[in-house]
Amino acid sequence: MKIFCGIDWAESHHDVALVNEIGELLAKRRITDDVAGYRLLLDLLAEHGDTRAEPIPVAIETSHGLLVAALRTGSRKVFAINPLAAARYRDRHGVSRKKSDPGDALVLANILRTDLPMHRPLPADSDQARAVTVLARAQQDAVWNRQQLGNQIRSLLREYYPAALEAFQSKAGGLARPDARAVLGAAPTPARATKLTLTQLRAALKRAGRQRGIDAEADRLREVFRAQHARHPDPVEAAFGQQLLALLKQFDAACQAADDLAEAVEAAFREHPDAEIYLSFPGLGVQLGARVLAEIGDDRTRFADARGLKAYAGSAPITRASGKKSYVGRRMVKNNRLMHAGFLWAFSSLQASPGADAHYRRRREHGDWHAGAQRNLLNRLLGQLFHCLQNRQPFDEQHAFTSSVTSSIAPAA
């Protein structure tokens, strides 16, 4: 008789329920979130027939954490059930809308009992791929954090220090440049900036790691800082300067974290067997390739075909039809990280691939907006990536974009 397990997880404890194929509750237990609790859970599963050859499938509302890592040992299938879907299933068992942690564990076990084919287990990615996932997501979060702090500093400088924006905003990298952060740290207020000598400016630029054009840059900065600008009273300006210094400490840490994680991502990504295939695609560098690999993984059975990957990324259009009405539009439920990386990939490929550029232009001529044409191009690139990964072959421009103009035109998304 088949057994199914459901786990309602929490921060300090987890509720476990086991049911058989006719829905009979066989066992329920509350375990702690530590090694002793995990061992108790595995012993409970073993008592009810769990073996390496035929492990008991488990449903849980998360795909992360040490509990999930303990469950994924061996060939066990772990199903991460969306909490919204679990809430809908709960209504099938009663209309009183009662809720409890043991009851939720029972609902999760019954989801597998009744609808197991409708849910996908967590992919069996390699440890290398999972390491890339951790690092790539952390690096992306660090970049977003750096951008957020940069926007805060830019907004603050607009309040009292327009000369700083004039000095650095037009440069590549903007306020995140090491020399910009070094100069602002040395002169957090317009009053102190006007008193900076050429020697002090050169020293700040050298501390930031600049090696060329130091004299010319110091002259330019001195001229910008000594130009006429509106000013706050000195006490107010000094207070703004203290706020800027506090933000700069966070900004320096965020910039350093993003750079360090980028190096770690590159090292981990290049060690993965699929790295050469990803890097063969136009527009995919190390960081973008790592982000795509992080979200796709390297489990070749995760997607039955390219359509599954495209739907997961959100690049494939979705049809809503009812009665006489039919609408084809973009997907709202998708992997947002993969879609974010995919848009950057599609945009970068326009310069690196004549075929990708021609495909994009045909979509625009067909009537697509820029975002729709990019999404359609990403849809095609993902199909090519799926083919190359399945067949272990690099991207080939001559074979990738050989279809006729008419065949490449699909309904606008």
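## Pockets and helix packing

The lining of the largest pocket is made up of 20 nonpolar, 13 polar and 14 charged residues. Keep in mind that this is a predicted model.

Student: What is the volume of the second largest pocket?

Tutor: You can find this pocket by looking around Lys2, Ile3, Pro55, Ile56 and Pro57, the residues of its lining that lie nearest its centre. E1 and H4 each supply at least two residues of the lining. The volume comes out at about 360 Å³.

Student: Is H16 parallel or oblique to H17?

Tutor: Check the angle: H16 (residues 354–366) and H17 (residues 370–391) pack at about 135°, with axes 9 Å apart. Roughly antiparallel would need an angle over 145 degrees, and roughly perpendicular covers 65 to 115. The angle therefore makes H16, relative to H17, oblique.

Student: How many charged residues are there in the contact of H16 with H17?

Tutor: On the H16 side you'll see Ala356, His359, Tyr360, Arg362, Arg363 and Arg364, and they meet H17 residues including Leu377 and Arg380. Asp, Glu, Lys and Arg count as charged. Sorting the contact by class gives four nonpolar and four polar residues, and the number of charged ones is four.

Conventions. Residues are numbered from 1 along each chain as its sequence is written. This is a predicted model: local features need pLDDT of at least 70, side-chain atom pairs count only at pLDDT 80 or more; totals for chains, interfaces and linings use all residues. Side-chain values use heavy atoms; hydrogens and water are left out. Axes are lines fitted to C-alpha atoms, for helices over the stretch in contact, and angles run from 0 to 180 degrees between N-to-C directions. Helices (H or I, at least four residues) and strands (E, at least two) are DSSP runs, numbered from the N terminus. Angles under 35 degrees count as roughly parallel, over 145 as roughly antiparallel, 65 to 115 as roughly perpendicular and the rest as oblique. Contact means heavy atoms within 4.5 Å. On a 1 Å grid over the protein atoms alone, a cavity is a set of points where a 1.4 Å probe fits but cannot get out, and a pocket is an open set with protein on both sides within 12 Å along at least five of seven lines; lining residues have an atom within 4 Å of a point. Grid points are joined across faces, edges and corners, and a volume is the space filled by probe spheres set on the points.
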